[in-house]
Amino acid sequence: MEDKKKYITTDELMEHNRPGDLWISIQGKVYNVSDWVKDHPGGDAPLLNLAGQDVTDAFTAYHPGTAWKYLDQFFTGYYLKDFKVSEVSRDYRKLASEFAKQGLFEKKGHGTLYSLLSVAFMLSLVVYGVLRSESVLVHLFCGMLLGFLWVQSAYIGHDSGHYQVMSSPGYNKVAQILAGNCLTGISIAWWKWTHNAHHIACNSLDHDPDLQHIPVFAVSTKFFHSMTSSFYGRKLDFDPLARFLVSYQHYTFYPVMCVGRVNLFIQTFLLLFSRRKIPQRALNIFGILVFWTWFPLLVSCLPNWPERVMFVVASFVVTAIQHIQFCLNHFSANVYVGPPSGNDWFEKQTGGTLDIACSSWMDWFFGGLQFQLEHHLFPRLPRGQLRSISPIVQDLCKKHNLPYRSLPFWAANISTIRTLRTAAFQARDFTGPVPKNLVWEAVNTHG
């Protein structure tokens, strides 16, 4: 039977790495997903980024055991001749199998229910405070509470995007649209598009959209050479404006985070009204319309424009906590250029993430994402299980001499600012193709 098998090499597999001719291998069996890529629930980015490679680790991370039975329809009849499994991957897959046998992926607890109830309670307080109180301080508190509501609602949307938090896929979709589009104004379709690419290409400068913030931020000098974003399909120009802004990014980081929500609103509209194929576009647009109906109406109920501006600004500033957290998890971690490699999945995740150390009673505040490495390795694992597996992940990292970085919130901020500051000073000294105009010279005359 073994003699009748047909084999190809990894080099031959790599030749099928483009749209229209896209092959992958899983556990040594080769599959043709050229047509499936457009219907892939996780979007096309994960498959395109890993095209022509063995993707066993990534497939294991993102798919439940029930997904394996659907692979046969894509089987090419070929096997990888030189298929090998590293010791790290072997241990990782064994760990994922053990977690599945223990039922950890199904032990969701009641976290989502409690989160939904808390969001509903906070929204009731906000509406009541705006409509029934005439106190400026109450209105300020309501604005801040609304921002915190958005943070917690985003965690629900994040969880429901990675695994089923409700009793059925239909209810899970309702939770996604409600927690994302309707309550926060951020499309779950936009989140899936960018977030899945981020997970697959964690901290790749040209493939991970979560690091591509030119002209405002640059975490590496490699951005100074105007690299092309494989995700957005355009050049990230490091022009005089970008050089100027990056040169002071360690000062502007927190102010920009305070208005980061505006960028998310813009990105949502750009995607939903683009020509790109969007799953359930109409439903996503409907959810956004719900948000842009109730939110302006609520703001208009405030007695005057100064209080309305105060309310909106307060809500945006509070959400900065979440934006900052996302940056802390990756900005000061290791980066690389190029597409992700399927045979070093575990290594790339450990290198590109940073955990936030905190007490267990603060887990609700960070939404489980303080365990960033654990989440990246096992994205389908309910957030309530992440703390329990953390020591196991630490042991595995130690066994294979891989980094496991965990810093307190304040120390993580210092590490991130230090990374931004280093790049900022290098941008000021950069002698590349960006011309030094008179405005630049005037601003930097005294350092």
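Colleague: Which side chain does aspartate 363 meet in a salt bridge?
Modeller: Aspartate 363 meets arginine 387, with a distance of 2.8 Å from N to O. Please keep in mind that this is a predicted model.

Colleague: Why does arginine 387 count as partly exposed?
Modeller: Its relative accessibility is 29%, and partly exposed covers the range between the buried limit of 20% and the exposed limit of 50%.

Colleague: How many salt bridges does the structure hold?
Modeller: The structure holds 12. In general, side chains of opposite charge can pair when their charged atoms come close.

Colleague: What about aspartate 54: which arginine does it meet?
Modeller: The side chain of aspartate 54 meets that of arginine 93 in a salt bridge, at 3.9 Å from N to O. This pair also links distant parts of the chain, 39 residues apart: aspartate 54 lies in the loop between helix H2 (45-49) and H3, and arginine 93 lies in helix H4.

Colleague: Are aspartate 54 and arginine 93 buried or exposed?
Modeller: Both aspartate 54 and arginine 93 are buried. They also belong to a network of salt bridges that links Asp54, Asp57 and Arg93.

Colleague: And arginine 18, what is its partner?
Modeller: Arginine 18 forms a salt bridge with aspartate 21, and their closest N and O atoms are 3.7 Å apart. Arginine 18 is partly exposed, with a relative accessible area of 42%. Aspartate 21 is partly exposed as well, at 23%.

Colleague: Let us change topic. How many residues are in the largest nonpolar core?
Modeller: That core has 38 residues, and those with the most contacts inside it are Ile24, Trp345, Phe346, Leu377 and Phe378. Among the elements that give it two or more residues are strand E3 (21-26), helix H4 (87-101) and helix H17 (383-399).

Colleague: What is phenylalanine 378 in contact with?
Modeller: Leaving aside neighbours within four places in sequence, phenylalanine 378 is in contact with Tyr92, Leu95, Ala96, Phe99, Phe105, Ile389 and Val393. Apart from this core lies another, of 37 residues, among them Val130, Trp193, Ala197 and Leu302.

Colleague: Is phenylalanine 121 buried or exposed?
Modeller: Phenylalanine 121 is exposed because its relative accessible area is 53%, and the limit for exposed is over 50%. Its place is in helix H5 (residues 111-132).

Colleague: How many disulfides are there?
Modeller: The structure holds zero disulfides. For cysteine 202, the nearest cysteine sulfur is that of cysteine 397, 13 Å away. Cysteine 202 is buried, at 1% relative accessibility.

Colleague: How much space lies in the second largest pocket?
Modeller: About 1,200 Å³ of space lies there. Its lining has 50 residues, of which Trp190, Asp210, His213, Asn263 and Leu264 are the closest to the centre of the pocket. Helix H8 gives the largest share of the lining, eight residues.

Colleague: Finally, the backbone. Which residues does a cis peptide bond join?
Modeller: A cis peptide bond joins isoleucine 214 and proline 215, with omega about 15°. Proline 215 is found in the loop between H8 and strand E6 (228-229). For background, most peptide bonds are trans, and most residues other than glycine have a negative phi.

Colleague: What is phi of asparagine 203?
Modeller: Phi of asparagine 203 is near 65°, a positive value in a residue other than glycine. Asparagine 203 lies in the loop between H8 and E6 and is buried, with a relative accessible area of 0%. Glutamine 280 also has a positive phi, of about 50°; glutamine 280 is in the loop between H11 and helix H12 (281-300) and is partly exposed, at 43%.

Note on methods: Residues are numbered from 1 along each chain as its sequence is written. This is a predicted model: local features need pLDDT of at least 70, side-chain atom pairs count only at pLDDT 80 or more; totals for chains, interfaces and linings use all residues. Side-chain values use heavy atoms; hydrogens and water are left out. A nonpolar core is a set of buried Ala, Val, Leu, Ile, Met, Phe, Trp, Tyr and Cys residues joined through side-chain atoms within 4.5 Å. Buried means under 20% relative accessible area, exposed over 50%, partly exposed in between (1.4 Å probe, protein chains only). Helices (H or I, at least four residues) and strands (E, at least two) are DSSP runs, numbered from the N terminus. Contact means heavy atoms within 4.5 Å. A salt bridge is a side-chain nitrogen of Lys or Arg within 4 Å of a carboxyl oxygen of Asp or Glu. A disulfide is a pair of cysteine sulfur atoms within 2.5 Å. On a 1 Å grid over the protein atoms alone, a cavity is a set of points where a 1.4 Å probe fits but cannot get out, and a pocket is an open set with protein on both sides within 12 Å along at least five of seven lines; lining residues have an atom within 4 Å of a point. Grid points are joined across faces, edges and corners, and a volume is the space filled by probe spheres set on the points.
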